[in-house]
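Hi,

Here is the structure I promised to pass on.

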Amino acid sequence: MRIAIDEDKCCGAGQCVLAADDLFDQRDEDGVVVLLDATPPADALDRAREAAALCPAAAIDVHDA
């Protein structure tokens, strides 16, 4: 699995962190998403997909290959 984020799209809602705090964090100064692990283990796939689905700005892409 590979996760990519588009910081320019991020609106700082924090839904990704609530869904998968082991994969995402937020910058203190502006709340923009910080990707903690771009290639997490397969057991994180569901959490990564949930975070992407919850993102109001569609700033997260999850590729399972």
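**Overall picture**

Of the chain's 65 residues, 35% count as buried, where buried means under 20% relative accessible area, exposed means over 50%, and partly exposed is anything in between (1.4 Å probe, protein chains only). Before you read on: this is a predicted model, so local features need pLDDT of at least 70 and side-chain atom pairs count only at pLDDT 80 or more, while totals for chains, interfaces and linings use all residues. Residues are numbered from 1 along each chain as its sequence is written, and side-chain values use heavy atoms, with hydrogens and water left out.

The secondary structure amounts to 2 helices and 4 strands. These are DSSP runs numbered from the N terminus, with helices being H or I of at least four residues and strands being E of at least two.

In box terms, the C-alpha atoms fill roughly 30 × 20 × 15 Å along the principal axes. Counting contacts (heavy atoms within 4.5 Å) between residues at least 6 apart in sequence, 56% join residues at least 24 apart.

**Charges and salt bridges**

The chain has 5 positive and 15 negative charges, and their mean positions are 5 Å apart. Lys and Arg count as positive, Asp and Glu as negative, and His and the chain ends are not counted. Each charge is placed at NZ of Lys, CZ of Arg, CG of Asp or CD of Glu.

Side chains of opposite charge can pair when their charged atoms come close. Taking a salt bridge as a side-chain nitrogen of Lys or Arg within 4 Å of a carboxyl oxygen of Asp or Glu, the count is 5.

Which residues are linked in a network of salt bridges? They are Glu-7, Arg-27, Glu-29 and Asp-30. Within that group, Arg-27 pairs with Asp-30, with the closest N and O atoms 2.7 Å apart, and Arg-27 also meets Glu-29 at 3.6 Å, N to O. Arg-27 is partly exposed at 28% relative accessible area, and Asp-30 is partly exposed too, at 41%. Glu-29, at 63%, counts as exposed.

**The Arg-49 end of things**

Another salt bridge joins Asp-64 and Arg-49, at 2.6 Å from N to O. This pair links distant parts of the chain: Arg-49 sits in helix α2 (residues 45-54) and Asp-64 in the segment after β4 (60-63), 15 residues apart. Asp-64 counts as exposed at 53% relative accessibility, whereas Arg-49 is partly exposed at 41%.

Leaving aside residues up to four places away in sequence, Arg-49 touches Val-62 as well as Asp-64. As for Asp-28, its C-alpha atom is 24 Å from that of Arg-49, and the two residues are 21 apart along the chain.

Cheers
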